[in-house]
Amino acid sequence: MLKKETMKYYLPVILFFLMLLDGQVTRVLGEWTKGVYMANAHFLILALLFCSLSFSKRYLLITTIVLGAIFDMYYIGVIGIYAVALPLIVFIMYSMSQIIHTNIFIEFFSMIIFVTGYELFTLIIQLIFKLAIVNKNYFITQFLGPTLLLNMIIFAIFVFPFKKLFSDE
């Protein structure tokens, strides 16, 4: 849509708003289910998946470190968890970019794997530092399951607009 040279100036702002959108959608869905199910929206990870096609690794890693630190300060108050998780996911995306972007089905399953890895990584870090206490049955059935379902729906709806917006083509 926009040229790559122009988009690199707007990308951090767009990613920041997607991060805020993730939090708001998550909160609305939590209220809607009265806290029984928690589903985290990950528009940001979907955008990063397609940004990894067009932008340099260094640029996207620096951007995600800053966004992760902002995420940490805004949502949990402990800097380091998401400031490591987001760049780690991006690094893995770049490492596997030859495999991930072969077709839409592989991108779909890659999104599922990245969301699962992201959620597991952040949970494990929070458990190690005793920031959270989670029942594994609750985590799988009432958090990870709904999160994956929500992100499958998000992928199905937004794959083509995000691909067009964030790709080089």
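**Exercise 1. Packing of α2 on α3**

Task: describe how α2 and helix α3 (residues 57-76) pack, given an angle of about 165 degrees and axes 12 Å apart.

Solution. The structure is a predicted model.
Step 1. Angles over 145 degrees count as roughly antiparallel, so α2 is roughly antiparallel to α3.
Step 2. The crossing in which α2 passes α3 is right-handed.
Step 3. On the α2 side the contact involves L44, L48, C51 and S52, which meet L60, T64 and L67 of α3.
Step 4. Sorted by class, the residues of this contact are five nonpolar, two polar and no charged.

**Exercise 2. Packing of α2 on α6**

Task: classify the arrangement of α2 and helix α6 (residues 104-128), whose axes come within 10 Å and cross at roughly 125 degrees, and describe the contact.

Solution. 
Step 1. Angles of 65 to 115 degrees count as roughly perpendicular and those over 145 as roughly antiparallel, with the rest oblique. The crossing at roughly 125 degrees therefore makes α2 oblique to α6.
Step 2. α2 passes α6 with right-handed geometry.
Step 3. From α2, the contact draws on I45, L46, L49 and F50; from α6, it draws on E107, M111, F114, V115 and Y118.
Step 4. The class count for the contact of α2 with α6 is eight nonpolar, no polar and one charged.

**Exercise 3. Aromatic pairs**

Task: how many aromatic pairs does a search of the whole structure find, and what is the geometry of the pair formed by F43 and F158?

Solution. 
Step 1. The search finds twelve aromatic pairs.
Step 2. For F43 and F158, the centres are 5.2 Å apart and the planes are at 80 degrees, an edge-to-face pair.
Step 3. F43 belongs to helix α2 and F158 to helix α7 (residues 136-166), so this pair ties together parts 115 residues apart in sequence.
Step 4. Relative accessible area is 7% for F43, which is buried, and 28% for F158, which is partly exposed.
Step 5. Another edge-to-face pair is that of Y74 and Y75, because their ring centres are 4.7 Å apart and their planes are at 90 degrees. Y74 is exposed at 52% relative accessibility, whereas Y75 is partly exposed at 29%.
Step 6. Y74 and Y75 also belong to a cluster that ring pairs build from F71, Y74, Y75, Y82 and Y118. Y118 is one of the α6 residues in the contact with α2.

**Exercise 4. A loop residue: N40**

Task: where is N40 found, is N40 buried or exposed, and which residues does N40 touch beyond four places away in sequence?

Solution. 
Step 1. N40 sits in the loop between α1 (4-32) and α2 (43-54).
Step 2. Buried means under 20% relative accessible area, so N40, at 17%, counts as buried.
Step 3. Leaving out residues up to four places away in sequence, N40 touches T26, E119, F143, T147, L150 and N151.

Note on methods
Residues numbered from 1 in each chain as written. Predicted model: local features only at pLDDT ≥ 70, side-chain atom pairs only at ≥ 80, totals over all residues. Heavy atoms only, no water. Helix = DSSP H or I, 4+ residues; strand = E, 2+ residues; numbered from the N terminus. Buried < 20%, exposed > 50% of the residue type's maximum accessible area, 1.4 Å probe, protein only. Contact = heavy atoms within 4.5 Å. Phe/Tyr/Trp six-rings, centres within 6.5 Å; stacked < 30°, edge-to-face > 60°. Axes fitted to C-alpha atoms, helices over the stretch in contact; angles between N-to-C directions. Parallel < 35°, antiparallel > 145°, perpendicular 65-115°, else oblique. Left-handed = near helix turned anticlockwise from the far one by under 90°. Nonpolar A, V, L, I, M, F, W, Y, C, P; charged D, E, K, R; others polar.
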